[in-house]
Amino acid sequence: MGREEAIAMLRRSTRLQPQSVNILHLHAKMLHLENKTEELAALLNGVVATEGGQAEWRAYATSLAALWLNNSTAEQYRLLDIGLKLQPDSCARLAVYAAMHESEGNFEGAIDMYERALELLPTAATLYNSLAVLVKRERKDVKGAKRLLEKALQLEPHDPETLFHLAICLHECGPRNEANADKQIALLDRVLAVRPQ
């Protein structure tokens, strides 16, 4: 089956099951991959504008529209706000919001979104890592960043990014002695073991 046939099938599926999150995802992704921007915009904006309907379906459409449509930053935030109102407990939406805040230079807003996301999903090592980098860089709180990275490392002991950032934090906030230097070297050795290049 070619891509055009797949898109035609997904159009039919969308008409038959208009509030299916899975069909919406597949349909939107195929349109995005094929650069069918106008049809993608019509699909997503139609879902966003629908009164009633499943909150998850509408919230998901707002996230896709914010990410994939060429909207202004203000429109991206408006769409994400709609999604958060529909599903305030969406960790994924909060993480997207955090990344947008960070790219706009609103670091405190990004930190707040990462903290809210971690309240919902305290097992997300990637979120601890992202939050730690911001806390260290923007708040100059190396010890706070170290605590966050230690949590991330408990969850994903072989993540090279976490290992690297933790080694840097130990260097910056740890005592200047041989034991601390050995910990830093051990962490960096683990980074090289995971990513030898």
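Read along the sequence, this protein runs α-α-α-α-α-α-α-α-α-α-α. That comes to 11 helices and zero strands. Keep in mind that this is a predicted model.

Some totals next. The protein has 197 residues, and 39% of them are buried. Now take the contacts in the protein with a separation of 6 or more. Residues 24 or more positions apart account for 47% of those.

Let's go to one helix, H5. H5 covers residues 73–86, which is 14 residues. From first C-alpha to last, H5 reaches 20 Å. That is close to the 20 Å expected at 1.5 Å a residue.

Which residues of H5 are buried? They are Gln76, Tyr77, Leu79, Leu80, Gly83 and Leu84. Look down the axis of H5, and these buried residues fall within an arc of 160 degrees, so they line one face of the helix. Turn to the face of H5 pointing away from that buried side. There you find the exposed residues Ala74 and Lys85.

What covers the buried residues of H5? The cover includes three helices: H3 (37–49), H4 (55–68) and H6 (91–103).

Two of those, H3 and H4, also pair with each other. Their axes come within 8 Å and cross at roughly 140 degrees. Angles over 145 degrees would count as roughly antiparallel, so H3 and H4 are oblique to each other. The crossing of H3 and H4 is left-handed. On the H3 side, the contact is made by Leu40, Leu44, Val47 and Val48. On the H4 side, the residues are Trp57, Arg58, Ala61, Thr62, Leu64, Ala65 and Trp68.

Last topic: backbone angles. Most residues other than glycine have a negative phi. Two residues here are worth a look on that point.

Start with Asn35. Asn35 is not a glycine, yet its phi is positive, about 60 degrees. Where does Asn35 sit? In the loop between helix H2 (21–33) and H3. Is Asn35 buried or exposed? Its relative accessibility is 64%, so Asn35 counts as exposed.

Now Lys140. Phi of Lys140 is near 60 degrees, again a positive value in a residue other than glycine. Lys140 lies in the loop between helix H8 (125–139) and helix H9 (142–155). Lys140 has 64% relative accessibility, and therefore counts as exposed.

To recap, on your screen: find H5 and its buried face, with Leu79 and Leu80 among the buried residues. Then find H3 and H4, with their left-handed crossing. Then go to the two loop residues, Asn35 and Lys140.

Notes
Residues are numbered from 1 along each chain as its sequence is written. This is a predicted model: local features need pLDDT of at least 70, side-chain atom pairs count only at pLDDT 80 or more; totals for chains, interfaces and linings use all residues. Side-chain values use heavy atoms; hydrogens and water are left out. Helices (H or I, at least four residues) and strands (E, at least two) are DSSP runs, numbered from the N terminus. The expected span of a helix is 1.5 Å times one less than its number of residues. Buried means under 20% relative accessible area, exposed over 50%, partly exposed in between (1.4 Å probe, protein chains only). The arc is that of the directions from the helix axis to the C-beta atoms. Contact means heavy atoms within 4.5 Å. Axes are lines fitted to C-alpha atoms, for helices over the stretch in contact, and angles run from 0 to 180 degrees between N-to-C directions. Angles under 35 degrees count as roughly parallel, over 145 as roughly antiparallel, 65 to 115 as roughly perpendicular and the rest as oblique. A crossing is left-handed if the near helix is turned anticlockwise from the far one by less than a right angle, and right-handed if clockwise.
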